[in-house]
Amino acid sequence: MVGGWGGLCPSLTSPLCSRGSPDWLPLLRSLPGGGAEEGAPSSPLSPRPCQPRRHIVFLKTHKTGSSTIVNLLHRFGETRGLRFALPPRYQFGYPHPFQARRVKGYRPGGPSFDILCHHMRFDLPEVQKVMPPDSFYFSIVRDPGSLAESAFSYYRGVAPAFRRAGSLAQFLVAPERFYDPAERGNHYARNLLWFDFGLAPPATPGPEAMRAVLARLDRTFPLVLLTEHFDESLVLLREALCWAEEDVDAFRHNGRNPRAVRPLDPAQAARLRAWNALDWQLYAHFNRSFWRRVEAFGPARLRAEVARLRERRRALAEHCLQGGGPVEAASIPDKQIRPFQFGQAQILGYALRPGLGPADQQLCTRMVTPELQYKDRLDARQFGANSSEGAAGRGGR
């Protein structure tokens with residue numbers, strides 16, 4: 001199957017290739033769901049007529065698989081010439097709350113943007129200054145147990161509470177001994193999801209205050225994805241955005257080397273959930289709403305579309321990737337697709353298979369380009385080639 005992809009279409013500009021997602025043609029017409037009309041569902045599994053959403057706000061939470069979502073948003077927007085709300089560097093003043101003035105090219109009363117998707121601490125009124133009123137808001141959450149393990153590995157050097165503890169096991173014995181909420185960087189050490197959503201601890205503890213917070217989030221974010229059910233989340237996202245199936249095809253980004261992941265035993269996971277109790281309530285709430293959405297979508301329909309998604313990913317990996325999967329950064333000679341290394345965990349990336357044709361090279365490169373380099377490319381497209389400092393060789397975000 002792979003060998004026949006290159007000759008399916010004479011050129012990207014020919015009438016045969018003028019439909020569907022421009023970045024994916026002609027290479028994907030032989031994959032399940034390929035060749036959909038732009039503006040209509042790409043699969044008989046999705047019969048609902050709709051128009052693709054192009055005004056999108058993604059709250060990119062930390063250590064949740066959000067970099068993979070950003071990659072598909074980057075690709076969708078770039079191939080359609082959409083306007084991104086971009087930070088001067090790589091985050092919108094994080095950990096400070098989002099401010100419209102931090103968006104490059106923003107001016108009050110000026111044109112709005114199409115996609116906002118880089119790290120920020122959420123502030124709805126400020127976001128609304130930048131984005132159109134019809135924007136679709138979504139985010140992603142993760143079980144606070146595994147999220148905290150990942151955060152410890154990644155942010156041990158910048159969170160004083162983690163640094164003083166030395167190891168996750170020591171931290172879990174008595175986290176309050178190491179944690180001072182006033183210290184810079186310690187937002188990574190407790191209730192990181194709650195912080196990213198722009199929330200302060202409830203002024204009055206109790207279920208009523210929590211219900212009010214969650215109801216407000218539900219009004220802002222009609223869809224919140226789950227890291228633990230990532231492929232199912234991609235399908236629900238595709239449905240919500242009325243995108244074609246190929247628009248949510250993606251390789252995993254910013255993933256650790258599996259050897260660096262320390263599995264948690266049940267007692268450790270329980271202690272981490274208790275320590276991150278606000279995050280646990282957030283996660284439990286969005287977990288329930290996620291499965292209600294699955295029921296409305298149809299479990300059998302979801303299983304079928306997830307199977308198609310995974311088959312497409314497998315075929316794309318076979319076609320695009322040297323070795324068919326992720327590799328260590330040192331094995332990637334091209335710095336434009338080599339992932340930035342931060343913290344103590346080794347971040348994997350992808351090397352492209354040699355001999356790809358021009359259209360395939362473009363598609364595969366976009367799929368494997370890490371977030372920082374892709375942001376630089378979008379920055380150059382919107383503001384000129386010398387507008388961004390560049391991710392290569394830099395030591396911070």
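This is a predicted model: local features need pLDDT of at least 70, side-chain atom pairs count only at pLDDT 80 or more; totals for chains, interfaces and linings use all residues.
View 1. Nonpolar side chains tend to be buried together in soluble globular proteins.

**View 2. Met120 and its surroundings.** Leaving aside residues up to four places away in sequence, Met120 touches Val57, Phe58, Leu59, Phe92, Tyr94, Phe98, Val127 and Asp196.

**View 3. Helix H9 crossing helix H12.** The axes of H9 (residues 230–241) and H12 (residues 299–320) come within 9 Å and cross at roughly 105°, which means that H9 is roughly perpendicular to H12. From H9, Asp231, Glu232, Leu234, Val235, Leu236, Arg238 and Glu239 meet Arg301, Leu302, Glu305, Val306, Leu309, Arg310 and Arg313 of H12. The residues of this contact comprise eight charged, six nonpolar and no polar ones.

**View 4. Arg256, a buried arginine in a loop.** Arg256 sits in the loop between H9 and helix H10 (266–275), and its relative accessible area is 9%, so it counts as buried. Its side chain has two polar partners to look for here: the side chain of Glu149 at 2.7 Å and the side chain of Ser153 at 3.4 Å. Beyond residues up to four places away in sequence, Arg256 touches Glu149, Ser150, Ser153, Val261, Ala345, Gln346, Ile347 and Leu348.

Terms used. Residues are numbered from 1 along each chain as its sequence is written. Side-chain values use heavy atoms; hydrogens and water are left out. Axes are lines fitted to C-alpha atoms, for helices over the stretch in contact, and angles run from 0 to 180 degrees between N-to-C directions. Helices (H or I, at least four residues) and strands (E, at least two) are DSSP runs, numbered from the N terminus. Angles under 35 degrees count as roughly parallel, over 145 as roughly antiparallel, 65 to 115 as roughly perpendicular and the rest as oblique. Contact means heavy atoms within 4.5 Å. Ala, Val, Leu, Ile, Met, Phe, Trp, Tyr, Cys and Pro count as nonpolar, Asp, Glu, Lys and Arg as charged, and the others, Gly among them, as polar. Buried means under 20% relative accessible area, exposed over 50%, partly exposed in between (1.4 Å probe, protein chains only). A polar contact is a pair of N or O atoms within 3.5 Å; within protein, one must be able to donate a hydrogen and the other to accept it, and residues adjacent in sequence count only if both atoms are side-chain atoms.
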